[in-house]
Amino acid sequence: MTEYAFTHLRHVALAVPDFDKQLDFYTHQWGLSVAGTDGDTTYLAAEGSPEQYVVRIRKATDKRLDLISYGAADAAAVDTLAEKLGRGEVQLINEPGTLQTPGGGYGFRFFDNDGRTIEISADVAVRRHRKVEEGEAIPVKLSHVVVNTADPEGTVAFYEKYFGFKVSDILMHPRMGNMMWFMRTNSFHHSMAIARGPHPALHHASFELRGIDEYMRGTGKMLRAGVEKIWGPGRHLAGNNTFSYFLDPNGNTMEYTTELEVLDEDTWHPHLYDFSEPEVTDQWGTANAMDEFVAAKSFNDVDKGLFVAPPV
């Protein structure tokens, strides 16, 4: 079995122009809790997650994906990865050291091949969390993040080479070729996916709910609140997870999901799925049809933060 450099996904950080609306959306509608505030930055936790926070939002003039954060097994693993990236001439933003964010820990940041900021950390304090109860339509944890890139093949190769990510499945289209690669860093089907898009940007962030009932309750709660639904509810074939996609107040796509597949890695072989077949995108047949207009909603704005490090 491959030794993964990352243990799991920690959090995603976003810079947004309309900070107040974003905060209100995440706390009063999406179901996250404020874990801390530092000036124009707020840290949001999922009640069921031991992570200090799963979303960081920062007030800024320009909208951007600030960073994606992953965990490592220990400080030694952090140092080993920094050395490996240095030998590969990957641009480090800072050397490994003590983190000043909630929960502390030991880590560093670097730019991936597309210029987005990635953080790797270990020894972060565990947040006191709780069991999400039956019927609670709130996120248990951050499930996965999907990013757009004009060079998906290069981005897939980058994450395979340096971090040991494995491709679980690929979506293709008869006219457009391969379009999305689902990448895993543990036994879950994917914690990251790489999508072919017109420019680097966040495609969507996905949040795991307790189960099917809670997922449907959460979907209904968003619809009743008038949040713009992009796609869903339905169940994907790749990953076998449910999906309901919504736009947040700043135009980022957010997903409610549950039951993401856990793989037997010793026997798993990646599939090449044709997403022009309706049952590939939605096994249930309950979601609105996927077309170019629906897809374009998740292209997102051009990320202006490429190769520019966000504030700590």
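Modeller: Happy to! Rings of Phe, Tyr and Trp (its six-membered ring) pair if their centres lie within 6.5 Å; planes under 30 degrees apart are stacked, over 60 edge-to-face, and the rest tilted. Ring pairs of this kind join Phe6, Tyr70, Phe108, Phe110, Phe158, Tyr159, Tyr162, Phe163 and Phe165 into a cluster. This is a predicted model, in which local features need pLDDT of at least 70 and side-chain atom pairs pLDDT 80 or more, while totals for chains, interfaces and linings use all residues. Residues are numbered from 1 along each chain as its sequence is written, and side-chain values use heavy atoms, without hydrogens or water.

The count comes to 22 aromatic pairs. Take Tyr159 and Phe165: their ring centres are 5.6 Å apart and their planes meet at 85 degrees, so this pair is edge-to-face. Both Tyr159 and Phe165 are buried (under 20% relative accessible area, with a 1.4 Å probe and protein chains only).

Another ring, that of Phe188, has Lys141 over its face, 4.2 Å from the ring centre (the rule asks for NZ of Lys or CZ of Arg within 6 Å of the centre and within 35 degrees of the ring normal). Lys141 takes us to strand β9, residues 141-149, which pairs with β12 in the parallel sense over 5 bridges (strands are DSSP E runs of at least two residues, and pairing takes at least two bridges). Within that pairing, Val146 stands opposite Ala193 of β12.

Strand β12 also pairs with β11, residues 177-184, in the antiparallel sense over 4 bridges. There, Ile194 of β12 is the bridge partner of Trp181. Strand β12 itself, residues 192-196, is mostly covered, with 4 of its 5 residues buried.

Technical notes: Buried means under 20% relative accessible area, exposed over 50%, partly exposed in between (1.4 Å probe, protein chains only).
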